[in-house]
Amino acid sequence: MYTLWIANKNYSSWSLRPWILLKALNIPFNERVSYFEDGKNSHEKFKAFSPTGLVPCLMDGDITVWDSLAIVEYLAEDHAQVWPSDKMARAWARSAVAEMHSGFAALRQSCSMNCAIRTELNKILPELQRDIDRIDALWSEGLTKFGGEWLAGDKFTVVDAFYAPVVFRARAYGLKFSATSQKWIDRMLKHPAMVEWVEAAIKEPKIAH
Ligand SMILES: N[C@@H](CCC(=O)N[C@@H](CS)C(=O)NCC(=O)O)C(=O)O
């Protein structure tokens, strides 16, 4: 059985990606939580189980896989449903996942994930608006092109999982998206795995981060 190490559900956006994927696809795993250190770097603490001192980190017997993208690729080796079955949708999903993994710095910077808050930004910087516009275009494209309820078709796949943290950011900071994208946001927020994550997040000990 897989073991997935994560940090605080309230804050750890990278942890959410593989966790939500495993839950949504009903793949059994043991969850291990290591909370962030209060007010300081958690690398030393996380190095007890993760070579980089970062979460998430997956263990499968003797095999250790770190980094959220490597983890989902490892899962895909035994669970084909991680990626869309259609070749075109899969190519799109791979590109969208890669784009999320390596981009959207302004969004990460201005709207760090915090499931427990609801607030409004006084000012939306142009670089943040650029990230929001690009994400909105991407989501709308997937939803329109593949015609399903999820970003790359009629099944929840890894591309929905990779954008799950943006859904919580959109809700927390009141970010505005097109009607097409907003419908997917609302659907994601009702997904039982997303609901389970938030319910656990708000019960966690409060740790400044
Ligand atoms: N590229 C990595 C990034 C992982 C990452 O930055 N994790 C953060 C938490 S969400 C972390 O472990 N930070 C350690 C710290 O804050 O000291 C991945 O995709 O897994």
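Colleague: How do the residues of the lining of the second largest pocket divide into nonpolar, polar and charged?

Modeller: This is a predicted model, in which local features need pLDDT of at least 70, side-chain atom pairs count only at pLDDT 80 or more, and totals for chains, interfaces and linings use all residues. Residues are numbered from 1 along each chain as its sequence is written, and side-chain values use heavy atoms, with hydrogens and water left out. A pocket is an open set of points on a 1 Å grid over the protein atoms alone, where a 1.4 Å probe fits, with protein on both sides within 12 Å along at least five of seven lines; lining residues have an atom within 4 Å of a point. Ala, Val, Leu, Ile, Met, Phe, Trp, Tyr, Cys and Pro count as nonpolar, Asp, Glu, Lys and Arg as charged, and the others, Gly among them, as polar. Here the division is six nonpolar, four polar and three charged. Of the 13 lining residues, Pro84, Ser85, Asp86, Asp154 and Lys155 are the closest to the centre of this pocket.

Colleague: Which residues of α8 are buried?

Modeller: In general, an α-helix has 3.6 residues a turn, so residues three or four places apart point the same way. Helices are DSSP runs (H or I, at least four residues), numbered from the N terminus; buried means under 20% relative accessible area and exposed over 50% (1.4 Å probe, protein chains only). In α8, the buried residues are Ser181, Trp184, Ile185, Met188 and Leu189. They fall within an arc of 140 degrees seen down the helix axis, so they line one face of α8; the arc is that of the directions from the axis to the C-beta atoms.

Colleague: Which exposed residues does the face turned away from the buried side carry?

Modeller: That face of α8 carries Ala179, Lys183 and Lys190.

Conventions
Helices (H or I, at least four residues) and strands (E, at least two) are DSSP runs, numbered from the N terminus.
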